[in-house]
Structures are given as structure tokens and as C-alpha cells.
Amino acid sequence: SAATKRESRRNPERASRRQTRSMGLKEDDSNPLEAEVELIKFLMFQVRAPQRRNTPRPNQSRPHVVRRVEDVTEEELQLVADNMTDKVYNSGSTCHQCRQKTVDTKTCCRSEDCRGIQGHFCGPCLRNRYGEDVRTVLLDPEWKCPPCRGICNCSFCRQRDGRCPTGILFPLAKYHGFSDVHSYLNRDFSRTIQQLQ
Ligand SMILES: [Zn+2]
Ligand SMILES: [Zn+2]
Ligand SMILES: [Zn+2]
């Protein structure tokens with residue numbers, strides 16, 4: 001409701017505290033700033049040994065076909081989804097981030113080393129998680145997908161690296177005025193940490 005929204009705006013620590021609680025972390029009512037730093041540390045740094053995978057998953061071993069910018073059609077650009085509600089499910093291609101199979105146009109990674117569906121991201125995921133636009137990157141011959149750049153924050157890549165998933169972070173990133181999760185995770189924490197000392 002509008003009243004709740006106003007209320008949470010007046011209490012900037014409230015949203016992050018709610019997130020902390022939902023993750024089962026200890027919350028510190030006396031110092032919300034410290035609680036947030038703890039949450040961030042928990043999310044950013046390794047929490048357990050990375051999972052080993054001896055055999056590559058079949059869809060990862062499938063060779064990757066680099067589509068050239070010249071081959072991207074006007075129709076494909078129009079079929080990029082702007083919202084999750086635009087999506088038509090159960091046919092088409094699978095997004096690496098949300099793992100949903102939908103007909104809308106996904107990104108195409110221009111790295112020769114990319115594998116399978118790794119480089120396919122849907123419009124809402126690429127915007128909300130990395131602050132990038134599918135139409136723009138489809139026309140960029142140099143664009144590399146987040147996994148190829150080593151910055152993928154999808155739950156599968158994070159778990160493989162021994163980190164917990166960041167799915168809950170989008171509302172928190174928005175709340176703190178960041179457009180996407182990647183910028184939120186990569187913001188400069190030094191000032192926050194200085195304030196605590
Ligand atoms: Zn997606
Ligand atoms: Zn890639
Ligand atoms: Zn990933």
C-alpha cells in the first residue's frame with residue numbers, strides 16, 4: 001500500500017533488515033548499517049567450497065554459434081521482452097539467468113569460447129541484473145555475456161563458485177537507488193566500512 005511505501009521510505013534500514021531476516025541471518029537492531037555490511041559480506045564472499053563438476057552438462061558442451069550483427073533482423077529486435085509479463089512460455093530459447101524457455105529474443109555472446117545457452121539472456125534479466133539492454137548488445141559485435149566476463153550473478157554460477165544466490169537482491173538494489181544487481185554488488189563499500197570504524 002502507499003502508506004507502507006511511505007513508511008519504508010522514511011526508514012531506509014527497514015527494507016534491508018527485512019531481507020536479512022528472510023535469509024535467516026542474525027539481525028542487529030542496534031546498528032542497521034552494520035547489519036547491511038554483514039549481509040553484503042555474506043553475499044560477496046565465499047561461504048563454502050565451490051562445487052566440482054567433472055562432466056560438463058550437455059547443454060554447456062553444445063558448440064556456440066556466434067551470430068553476426070548483420071544477421072540480426074528487425075523482427076528479432078522487436079521480439080525482445082521488456083517485462084516478464086511480455087513473455088510467452090514453453091517454446092523458443094532458454095535464458096541463462098532465469099532458466100525460462102520463452103519465445104522472446106535473447107542476447108547472443110560474441111565470444112568464440114562461449115558454450116551452449118550460457119550467452120543467452122532475456123531482456124528483463126539483462127536489464128535488472130546487469131543494467132544492459134538486449135537490443136543494444138545484439139548490435140554490438142564485441143559484446144560478451146556475463147559468464148564469459150566472469151561477472152555472472154545467476155544462482156547457478158554463484159552456487160558453482162560457492163556463493164549464495166543473489167535473487168533477493170533486486171528489490172534491495174532498487175531500494176538503495178541502483179538500477180541493477182551488478183552495480184549494487186560492485187558499489188564502493190569503503191565509505192560504509194569507514195563509517196563503522
Ligand atoms: Zn531471463
Ligand atoms: Zn559468452
Ligand atoms: Zn550464470
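User: Why does Cys-95 count as buried?

Analyst: The relative accessibility of Cys-95 is 0%. Buried means under 20% relative accessible area, exposed over 50% and partly exposed in between, with a 1.4 Å probe and protein chains only, so Cys-95 counts as buried. This is a predicted model, in which local features need pLDDT of at least 70 and side-chain atom pairs count only at pLDDT 80 or more, while totals for chains, interfaces and linings use all residues. Residues are numbered from 1 along each chain as its sequence is written, chains are lettered from A and ligands numbered from 1 in the order in which they are written, and side-chain values use heavy atoms, with hydrogens and water left out.

User: Which residues are the protein donors of the zinc ion (ligand 1)?

Analyst: They are Cys-95, Cys-98, Cys-122 and Cys-125, each through SG, at 2.3 to 2.4 Å from the zinc ion (ligand 1). Donors are N, O and S atoms within 2.8 Å of the metal (3.2 Å for Na, K and Ca); water is not among the atoms, so sites may look incomplete. Along the chain, the donors follow the spacing C-x2-C-x23-C-x2-C.

User: What makes the site of the zinc ion (ligand 1) tetrahedral?

Analyst: The angles among its 4 donor atoms are 99 to 120°. Four donors count as tetrahedral if all angles lie between 85 and 135 degrees, and the site of the zinc ion (ligand 1) is therefore tetrahedral.

User: Why is the contact of Asp-104 with Lys-87 called a salt bridge?

Analyst: A salt bridge is a side-chain nitrogen of Lys or Arg within 4 Å of a carboxyl oxygen of Asp or Glu. The closest N and O atoms of Asp-104 and Lys-87 are 3.4 Å apart, so the pair forms a salt bridge. Asp-104 lies in the loop between strand E2 (101-102) and helix H6 (123-130), and Lys-87 in the loop between helix H5 (74-78) and strand E1 (89-94), so the pair ties together parts that are 17 residues apart in sequence. Helices (H or I, at least four residues) and strands (E, at least two) are DSSP runs, numbered from the N terminus.

User: Are Asp-104 and Lys-87 buried or exposed?

Analyst: Asp-104 is buried at 5% relative accessibility, and Lys-87 is buried at 7%.

User: How many salt bridges does the structure hold?

Analyst: The structure holds 8 salt bridges. One of them joins the side chains of Arg-68 and Asp-71 at 3.3 Å, N to O. Arg-68, at 48% relative accessibility, counts as partly exposed, as does Asp-71 at 34%.

Terms used:
Four donors count as tetrahedral if all angles lie between 85 and 135 degrees; four count as square planar and six as octahedral if opposite donors are over 155 degrees apart and all others between 65 and 115; anything else is irregular.
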